[in-house]
Amino acid sequence: MANDINITFRTADGEVFHVSGRAGATVMETAVQNNVPGIEAECGGACACATCHVYAPEIIGATAEVYEQEMLDFTADERRPNSRLSCQIELEPSLEGAVFDLPRVQV
Amino acid sequence: MSGTVIVGAGHAGVQAAVSLRQAGYQEPVRLVSEEDRPPYHRPPLSKSMLAGEKQPEQIALRGPDFLERNDIELLSGVRAVALDPASRTLRLKNGNLAYDKAVIATGAGARTLAGFQYDNVFLLRNMQDALALKNALAPGAKLVIVGGGFIGLEVAATARKLGLSVDVIEAQERLLKRAAPPLLSDYIHRRHAAEGVRLHVGAQIERVIAEAGRIVSVELSNSKTLAADLVLVGIGNQPEIGLGAEAGAKTDLGGLLVDPALRTALPDVYAIGDCAAFYLPAAGCRVRLESVQNAVDQGKAVAGQIAGQVDGAYDAVPWFWSDQFDMRLQMTGLSRPGSAFMIRGDVESNSFSLLETLDDRLVAVYSVNTAADHMASRRLVGQPSRFNKAAASDASVPLKACLAVPTGRCSG
């Protein structure tokens with residue numbers, strides 16, 4: 001669709017998924033809708049399970065709220081400075097072409 | 001080979017199907033769903049979906065072609081009417097399905113209230129219910145909610161956000177009596193009251209006044225009268241156990257009784273999720289749990305059993321969440337009789353946890369806006385070793401640093 005935003009997911013093994021979603025959808029929802037493996041999202045986006053962990057591109061910046069920060073301390077894979085929960089990132093035009101790296105494990 | 005037939009495409013059934021494939025199971029996998037729509041997340045039905053923040057397709061459990069790609073056959077809009085364990089056949093309304101293994105993941109339906117058959121009375125259990133309720137939540141309308149449990153309180157919060165007037169009627173003397181300790185009930189009560197929800201606890205419904213097939217007001221036994229444009233009944237669930245029970249499976253706690261491998265008393269028939277009753281070692285008793293966590297974890301576990309990869313007993317620590325207004329409530333473990341409670345953090349700051357201990361073991365943690373405590377509690381609750389209460393009483397010490405190590409000392 002014309003207004004869709006294109007993003008890329010890259011697995012820990014280097015497999016690449018080019019997908020698109022509409023503005024306002026979360027990065028997690030976009031991954032699930034496009035069958036991207038490695039995003040479990042067991043709680044469905046309630047920021048309750050920490051199983052939609054991604055390593056975010058620089059453009060996202062340090063925008064995680066305190067609550068998400070606390071959740072990120074308990075991800076199954078290593079937490080890095082750019083770790084985010086993808087259910088808390090909404091697609092917007094500035095993310096066109098952004099690349100999200102996936103951790104090896106979510107649970 | 002006839003493979004595995006899973007009845008019910010909620011969180012438990014879908015997880016079982018997906019996990020079977022992830023485990024390398026090669027036989028046919030069929031998901032029989034009474035609903036005529038793709039599987040979806042249920043928690044948003046009372047929250048973001050009901051509020052209009054999420055569209056139904058955004059809360060899909062999987063992408064549109066995921067099941068097909070994974071060779072999982074979804075039979076939607078299909079009602080299973082009987083199970084015949086002798087011939088290993090699931091009878092559908094319009095045909096039969098042979099199986100080698102059957103998984104009953106039929107969940108639970110919303111309990112109804114006798115005498116509440118009116119056009120403006122709603123229940124909330126599935127997407128159809130949620131869409132109907134959403135349609136009726138007009139700003140300014142007067143919503144009366146019967147039941148001060150999670151469904152009632154989540155809808156109350158959503159409805160207030162949408163600009164409705166809200167009354168909640170709870171027969172017990174406090175909200176969430178089954179799930180929360182008194183201090184948490186009191187806190188939630190105050191937060192709802194501050195947001196303009198009118199709460200009537202310890203209240204009995206005397207009668208309803210209806211006009212032209214619609215309730216117009218609800219009279220309480222304390223002679224209060226609540227005007228109503230619409231009524232939500234949220235008084236708990238009734239497990240859907242007919243398939244198994246009528247075929248002779250044993251039952252308990254309203255559910256189908258399963259062994260540590262999630263097997264019912266019927267050969268090659270398993271039960272998981274809201275409709276299953278089981279002994280949970282982490283709780284030390286037989287339970288039936290209504291939660292996403294339990295559904296997902298049992299879906300994974302049953303797949304492991306069927307695929308022959310797991311031979312251990314099911315023993316996951318229960319956890320649960322609820323979002324109401326600015327409260328993120330997260331609970332781990334199950335309450336025990338005779339336990340003690342301590343507060344960690346400052347209740348007035350809207351960020352605190354209640355720690356429940358029994359004989360110096362941490363048995364449950366109830367967190368409000370404290371993700372760190374909740375996530376840590378999922379590792380601590382159910383540990384056999386002692387919990388360091390003194391260390392944990394200082395909220396500046398991370399709960400995760402108070403791991404109940406075998407020596408009984410705090411590790412951090």
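Trainee: What share of the contacts in chain B with a separation of 6 or more comes from residues 24 or more positions apart?

Mentor: Keep in mind that this is a predicted model. Take the contacts in chain B with a separation of 6 or more, then pick out those between residues 24 or more positions apart. Their share is 60%.

Trainee: And what radius of gyration does chain B have next to a compact globule?

Mentor: Chain B has 412 residues, so a compact globule would come out near 22 Å. The C-alpha atoms fill a box of roughly 70 × 60 × 35 Å along the principal axes. The radius of gyration of chain B agrees with the globule value, at 22 Å.

Trainee: Let's zoom in on one residue. Is Leu143(B) buried or exposed?

Mentor: Leu143(B) sits in strand E10, residues 142–146 of chain B. A residue needs 20 or more other C-beta atoms within 10 Å to count as buried. Leu143(B) has 28 of them, so we call it buried.

Trainee: Which residue 85 places away along the chain has its C-alpha atom 5.8 Å from that of Leu143(B)?

Mentor: Beyond four places in sequence, the contacts of Leu143(B) include Leu230(B) and Leu232(B). The C-alpha separation of 5.8 Å, though, is to Ala228(B).

Trainee: Which element gives the most to the side of chain B that touches chain A?

Mentor: The contact takes 20 residues from chain B and 17 from chain A. Elements giving two or more residues on the chain B side include helix H7 (292–306) and helix H8 (371–380). With 3 residues, the top contributor is H8(B).

Definitions and conventions
Residues numbered from 1 in each chain as written. Chains lettered and ligands numbered in written order. Predicted model: local features only at pLDDT ≥ 70, side-chain atom pairs only at ≥ 80, totals over all residues. Helix = DSSP H or I, 4+ residues; strand = E, 2+ residues; numbered from the N terminus. Buried ≥ 20, exposed ≤ 12 C-beta atoms within 10 Å, placed from the backbone. Contact = placed C-beta atoms within 7 Å. Rg over C-alpha atoms; globule rule 2.2 N^0.38 Å.
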